[in-house]
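Hi,

Here is the structure I promised to send over.

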Amino acid sequence: MIARELPVTEVSRPLGAAAVPGLPGGVDLAAHGYVEQEFLVTGDRWTTRVLVRRPADPARASGVLQVEALHPEFDTAATWRVLHPWMLRTGGAWLGVTTARVTAASMREQFDPARYGDLDLPADVAGQEVLTAVVRAVRTGELDLLAGQPVARAHLSGWSMTGSFVRVLLGEGFHEAVRLPDGAPVLDGYVLGISSGGAGPAGYPPPPGQPVPAPDDPRRTVGGHDVPVVEVLSETESATHAPVLRPDSDAPGDRYRLYQVAGTAHDGTGPSEVLVNAAQYRAKGLPTGSNEVLEQRSRTRLDLVARAVVAALDAWVADGVPMPRADRFAFAEGSDRRVPDGARALARDAVGNVLGGVRTPWVEAPLASYWPYATPAPGGCVPSPFAPPHLDAQVVADLVGVQTPLDPAPDRVQRFTDATRALVEQRLLLPEDVPELPDPENPGGRP
């Protein structure tokens, strides 16, 4: 396997760089003592690109590597968006791999032909094959993409379409097939985020040449493996996940957890301005789509719980400390509000908030009534050029969470504080992330 580093120039920067001069948003890596590098990596019959972010000072490196298959939509780094504050605090490294053929083609032919002209992901090569080969080469030392910094543990997480990517990687046996020379796993833990195994083709996009599995196909349900596997769902995915629900487990060959985060929707994985990919496409005059809705958008944050979940996953792998368990959502017989086709209504309280699941402060207080589906603004919900064919304006809006503020209760701030403390004690919220919670006195305010 061969790696070639791509230089940064005035006219050519990585797609999805941590920050780009002249464009809003992004993350200043230098301020956190981090560096970014981009490589073209060539393996058997394919060439992909790999983005790496790591501590500049090797002494700060924790040895924990977070891996992700970059999202087909503009090659965005969904795991980086969710986890970067925790990684930057703890000295973790991050590695993103381009695995979507349609995205590689766009990078090669539209975005920057000079930079990405050698990208080549053939139609008959599964993205899971590419990713596991790259991670194995990094862990064995065949590729030095981390400037010599060791990897003690590597975890793979995916969100939305890349969460389904992880489901397929596990269901098709890539985890068992690709091993380190001593037989140990290449990846030590997995997180499937905001991906429903029951959501038709989106829940299990099969490898090249294979049909979409039937709704009752056992591959859609997470099975037992020799490393922990965790699912983190919002209300959106939970409404279609019922056919593939399974119990939590501490068995050595089947360590598994499911976390359903109350008051969150599919689009609640952190501030959108963290990622600059779409802005880079717009700067080149390329289309990007839109998701404007009629209601007030929810400001709740599934990513705050997800960071604690990944930290707990790492402790389970490193120290054998089992992850906490959480209640599940309950289903209702019906709903007086529209529920998308194929989804089941979730049981709700008197103000319309979901019952069960991970009890977040914003629903325990509560600050507002939260709903996981929106109404598209006329002409304002346009699928991106990378979206699956089934997406229309309503499907785009059904990924957007909305909120209806409630009249303030006199004890709301104290209830919010108590719920925050309880979530920290449950190890489902990191103390360092408490300041990012919504303002209990102003649900439309921060973050």
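A cavity here is a set of points, on a 1 Å grid over the protein atoms alone, where a 1.4 Å probe fits but cannot get out; lining residues have an atom within 4 Å of a point. Grid points are joined across faces, edges and corners, and a volume is the space filled by probe spheres set on the points.

This is a predicted model, where local features need pLDDT of at least 70, side-chain atom pairs count only at pLDDT 80 or more, and totals for chains, interfaces and linings use all residues. Numbering runs from 1 along each chain as its sequence is written, and side-chain values use heavy atoms, with hydrogens and water left out.

On to the cavities: the whole structure has three of 30 Å³ or more. The largest holds about 60 Å³, and its lining includes P55, L65, G91 and Q149.

Now the backbone. Most residues other than glycine have a negative phi, and most peptide bonds are trans. S160, not a glycine, has a positive phi of about 65 degrees, and I194 has one near 40 degrees.

Finally, the peptide bond joining A365 and P366 is cis, with omega about -25 degrees.

Cheers

Notes:
On a 1 Å grid over the protein atoms alone, a cavity is a set of points where a 1.4 Å probe fits but cannot get out, and a pocket is an open set with protein on both sides within 12 Å along at least five of seven lines; lining residues have an atom within 4 Å of a point.
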